[in-house]
Amino acid sequence: MDTRKVPVFCYWNGSIKDGPDGPFYEGSSPRVIRVDSKIELSKLLDDLHRVTGFERGKFQIDLIGRYPSIVQQPMVKYMRLPVVDECSLETMLEVPSYHPCIINVELYLEVNQVSGPVSHQSPLANNVNSSANQSTQKSSLTEAAYVDADVNVTVRNNMLRTPQEHNNNGLIEYEQSTDAGNCGNVIFSSLWLEECELQVGMRFRDKDELAKAVRLFSNRRQRKYIAYEYTSTFECRRQCGWALKVAKTESNGFEIIEHTGPHSCKPEDVSSDFLASEIEGLIKAQPSLSITELNKWVKDEFGYTVSGDIMWNAKKKAFTAISGDLNKSFSLLPKFMAALSSSNEMLVEWQHDHFPATKGASFHSVFWAFQQSIEGFPYCRPLILVDSVDLSGNYRGKMLVAVGLDAENRIFPLAFAIITEESLSAGTWRWFFRCIRKKVTQREGLCLITSPNPDIIAVVNEPECHWAQHRVCLRHLCCKFYEVFQNNLMTEYVYKAGSTSYKSRVDYYLKKLEKMNPEARRWLDKLPLHQWTLAHDVGGLRFGVVLTTNTIFRTYDFINKSRNLPLTTCILLIFDHLAELFKSRRGLLEESMKNRREVYAKHVMTKLEEYKVTSRTHDVLPLDQSGQRFQVTEVMEVGNKKFFVQRSDRACTCGIWQLYKHPCSHVIAVCRRLNIDHLQYVNEFYNTENFLGVYAAAFNPLPGVSDWPGTYKVPRLFPPGSHAIH
């Protein structure tokens, strides 16, 4: 997904209050900053220290997000979401993308003194409260936020204008026209029909034929031009140097006698509709042409390039035109899946309901997984994250997605399914998990992270699903908790209890929760602590991962873009994305290994460097003669903290070593005392060689539509609810 700027309203020097719709900030006005949607939490905190004037090292800034837990227009309910890691930060920054009615991201800053005198007032507080600054910021935000919308309106208006406008100077301005497709009914010169280019020596029967040829030529290149009748010339409206000069022939036709070009100016706004009509033939012959390859073709053909989003939309529309309406799309689906299977060894499992006494069937569900993902998954951590998304458009149902995590904590696509049910049942989840186990992975020691859906919990407790240890997504749990108890502060306690790595803090927040509402504590106790709290995750099965909700679809924005399309188009775009994903990440990894030669993933090395600095203030005391047990004391200005390291068990009482599978600052301090390399204690799944193995397999091109193989195992399919073949 492309990085973009997100407006963030930052509040401090006030207090968080709770109202009917959830938390709000009282006592100060916001400071608006614009940040990259993929910014790291550490970088954002650096920026906030700089913006607020609270010096890093002397003050600690904690972030609380105002997160929409219920969005049912016109009602929006909010909850507090502590921003404690990259995942929770990304969740907040993606709010405007998934809820168009919410245009701003709000962060509440809690500033605490680390050392020195307490300063409740930031040096920039007066600037923040300045109405002039707020006005400027709001103006800039509005202009930036709506520039894309204005461009789209301009494009539509241009495409609807009349073909020509006369003025008092005796010239004609030719605009872009949507009737370019009708020019095929006009007989141009044979050279024009063969090459679709304007060249010196080309002849046209009359003035109308010449005008339509120039118009079609300009439409395809998205350029505007001016025709000067008295000089018989055509020139680029932007005066880039492109020009044509014509002369009358003896038969009262017209011939091009001079041609200067090509255009050196930028094209007018290019719509995806125009490009879709141009590339439809290409897509039919080579459905898996990448966005880069399509842009190269447009560059070679017309002399310009367009953004990836516009080309993506154009390909989507072109393939949708090929796959046809709802009925045709379903009937084409088995051949399409067979083509993916034959070209890329994709594994598929169908469910359908046969019509009585006919050869057709009503579609029920389809599961698929690419061999490339199956081969890469053993190099990922033993985690499977599962989520679902509603399909929209003409076909109502759900898409189920299972993913892993690579060494850099990025989503690794594993398996997909599309089902007809708008409400998932235990039978559907049982089928999906069975397909994963049968077709995708037989690894032992897996951890399965899902929502706390009662049907899922029932299924994973069945003997057939004991191949994985079940854990619950904390954000799903918080949202469900809020739906039941409608209290932001209690929901915040649940989140903090689930995300801390200290068992004592879990007990602390649960006691506060019980004091506020004993029934809420009893409701939460129905779920075992090891399933939803990080601190009680015995063995660190979830590798520190506490959240999955929206992680998959926030990361894979293409899924949200695809879910209102015919199934064939939706699956093709998923295939395209995966092929490009494997190619790009493999290339980046190979280049990174050549240049940096880092042994482990970047985020792990960065964290270890931070721990190395911190470890220099630790005192280490051996507790036995074997060199296995140590007491590590964090030396602080006020009070010291003691932790215990057990090397043989790879455990530290801070919990980080067990939960995240890499050393903490206390372990690094012990290694320095023993003069040994602390990198030996980093889990192998963070190793860059393993990382490269994740994306080692390449995807093969999909054959042309006319070459898709027939399938005899799957009958002709019709949309769900069909009862007979018409």
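**Aromatic pairs and a mixed sheet**

This predicted model has a count of 31 aromatic pairs.

User: Give me one of those. How are phenylalanine 217 and tryptophan 242 arranged?
Analyst: They're stacked, with 5.9 Å centre to centre and 15 degrees between the planes.

User: And where in the chain do those two sit?
Analyst: Phenylalanine 217 is in helix α7 (residues 207–220), and tryptophan 242 is in the loop between β12 (233–236) and β13 (243–248). That puts them 25 residues apart, so the pair links distant parts of the chain.

User: Are phenylalanine 217 and tryptophan 242 buried or exposed?
Analyst: Both phenylalanine 217 and tryptophan 242 are buried.

User: What about phenylalanine 582 and phenylalanine 699, what kind of pair is that?
Analyst: An edge-to-face one: the centres are 5.1 Å apart and the planes make 80 degrees.

User: Why does phenylalanine 699 count as buried?
Analyst: Because its relative accessibility is 14%, and buried means under 20%. Phenylalanine 582 is buried as well, at 1% relative accessible area.

User: Which aromatic cluster is Phe699 in?
Analyst: One that also holds Phe370, Phe412, Phe575, Phe582, Phe691 and Tyr695.

User: Switching to the open sheet. What's the strand order?
Analyst: The order is β4-β1-β7-β5-β6, 5 strands with mixed pairing. β4 (31–36) and β6 (75–83) are at the edges with a single partner strand each, so one side of each has no neighbour in the sheet. On average, neighbouring strands are turned by 35 degrees against each other, direction ignored.

User: What packs on that sheet?
Analyst: Helix α2 (residues 86–93) does, touching β1 (5–11), β4, β5, β6 and β7, and its direction makes about 155 degrees with that of β6. Helix α16 (residues 488–499) packs on the sheet as well, touching β5 and β6, at about 35 degrees to the direction of β6.

User: How do β5 and β7 pair?
Analyst: Strand β5 (residues 59–72) and strand β7 (residues 105–113) run antiparallel, over 7 bridges. In one of those places, isoleucine 61 has valine 111 in β7 as its bridge partner.

User: Which ring does arginine 66 lie over?
Analyst: The face of tyrosine 78, at 3.8 Å from the ring centre. Separately, lysine 661 has its charged end over the ring of phenylalanine 543, 5.7 Å from the centre.

User: Last one, what does UniProt annotate at residues 643–675?
Analyst: The unreviewed entry gives "domain: SWIM-type" there. In the model, that span is 45% helix and 18% strand, and its end C-alpha atoms lie 20 Å apart.

Terms used: Residues numbered from 1 in each chain as written. Predicted model: local features only at pLDDT ≥ 70, side-chain atom pairs only at ≥ 80, totals over all residues. Heavy atoms only, no water. Pairing = 2+ DSSP bridges. Helix = DSSP H or I, 4+ residues; strand = E, 2+ residues; numbered from the N terminus. Axes fitted to C-alpha atoms, helices over the stretch in contact; angles between N-to-C directions. Contact = heavy atoms within 4.5 Å. UniProt positions renumbered as here; feature names shortened; annotations may be inferred. Phe/Tyr/Trp six-rings, centres within 6.5 Å; stacked < 30°, edge-to-face > 60°. Buried < 20%, exposed > 50% of the residue type's maximum accessible area, 1.4 Å probe, protein only. Lys NZ or Arg CZ within 6 Å of the ring centre and 35° of its normal.
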